[in-house]
Amino acid sequence: MRSSVEKAPEHCAIEFAMEMLGGRWKLAILKQLAAGTHRFGELRRALSGITQRMLTRQLRELEADGLVTRTVYREVPPRVEYALTEVGHSLDAITEELDKWGRWYRETVRPKGPSGRRPPA
């Protein structure tokens with residue numbers, strides 16, 4: 001775990017959770033892995049726009065926090081697979097609800113914008 005997670009005040013569980021799950025990619029990675037085990041390349045293709053460096057970094061952090069497992073198969077060429085741990089699967093309902101909310105927002109609120117007007121193209 002990162003030191004900032006370990007130092008988070010006990011009364012602020014949301015801050016603690018956001019330190020672990022915050023950012024653009026972590027929840028998207030968890031949602032992909034909720035469907036099953038994936039190889040690095042599969043995740044990269046599924047998450048359009050993520051760089052190899054960022055995916056590596058996010059997977060390492062998720063692994064360090066006990067949400068993802070990394071399995072290396074000693075083959076030629078080497079094969080590496082990522083899967084959710086039991087703790088990672090405890091977030092399945094949360095990621096699903098956030099996905100539903102994001103779709104709802106994009107389809108109903110975003111087309112008009114918060115002010116009730118369509119945003120400029």
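How many residues lie between β2 and β3 in the hairpin they form? There are 5 residues between these two strands.

## Ground rules

This is a predicted model, in which local features need pLDDT of at least 70, side-chain atom pairs count only at pLDDT 80 or more, and totals for chains, interfaces and linings use all residues. Residues are numbered from 1 along each chain as its sequence is written, and side-chain values use heavy atoms, with hydrogens and water left out.

Helices (H or I, at least four residues) and strands (E, at least two) are DSSP runs, numbered from the N terminus.

## The sheet and its hairpin

Let's start with the strands, where two count as paired if DSSP finds at least two bridges between them. An open sheet is built from 3 strands in the order β1-β3-β2, with antiparallel pairing. Its edge strands, β1 (38-39) and β2 (68-73), each pair on one side only. Between β1 and β3 (residues 79-84) the antiparallel pairing runs over 2 bridges, and histidine 38 stands opposite tyrosine 82 in β3. Helix α3 packs on this sheet and touches β1, β2 and β3 (contact means heavy atoms within 4.5 Å); the direction of α3 makes about 95° with that of β3.

The β2 and β3 pairing is antiparallel over 6 bridges, with tyrosine 73 opposite arginine 79 in β3. The loop between β2 and β3 holds proline 77. The peptide bond leading from valine 76 to proline 77 is cis, with omega near -5°. For context, most residues other than glycine have a negative phi, and most peptide bonds are trans.

Two packed helices are described by the angle between their axes and the distance between the axes. Here, axes are lines fitted to C-alpha atoms, for helices over the stretch in contact, and angles run from 0 to 180 degrees between N-to-C directions. Angles under 35 degrees count as roughly parallel, over 145 as roughly antiparallel, 65 to 115 as roughly perpendicular and the rest as oblique. For residue classes, Ala, Val, Leu, Ile, Met, Phe, Trp, Tyr, Cys and Pro are nonpolar, Asp, Glu, Lys and Arg are charged, and the others, Gly among them, are polar.

Helix α3 (residues 26-34) packs with α5 (residues 52-64) at an angle of about 75°, their axes 10 Å apart. That makes α3 roughly perpendicular to α5. On the α3 side the contact is made by Lys26, Ile29 and Leu30, and on the α5 side by Leu55, Gln58, Leu59, Glu61 and Leu62. This contact of α3 with α5 has 5 nonpolar, 1 polar and 2 charged residues. The axes of α2 (residues 13-21) and α3 come within 8 Å and cross at roughly 75°, so α2 and α3 are roughly perpendicular to each other. Glu19, Met20 and Leu21 of α2 meet Lys26, Leu27 and Leu30 of α3, a contact with 4 nonpolar, no polar and 2 charged residues.

With α7 (residues 92-109), α3 packs at an angle of about 115°, and the axes are 10 Å apart. That makes α3 roughly perpendicular to α7. Leu27, Leu30, Lys31 and Ala34 in α3 meet Asp92, Thr95, Glu96, Leu98 and Asp99 in α7. By class, the α3 and α7 contact has 4 nonpolar, 1 polar and 4 charged residues.

## Aromatic rings

Rings of Phe, Tyr and Trp (its six-membered ring) pair if their centres lie within 6.5 Å; planes under 30 degrees apart count as stacked, over 60 as edge-to-face and the rest as tilted. By this rule the count is 2 aromatic pairs. One of them is the tilted pair of tryptophan 101 and tryptophan 104, at 6.2 Å centre to centre with 45° between the planes. Both tryptophan 101 and tryptophan 104 lie in α7, 3 residues apart, about one turn of the helix.
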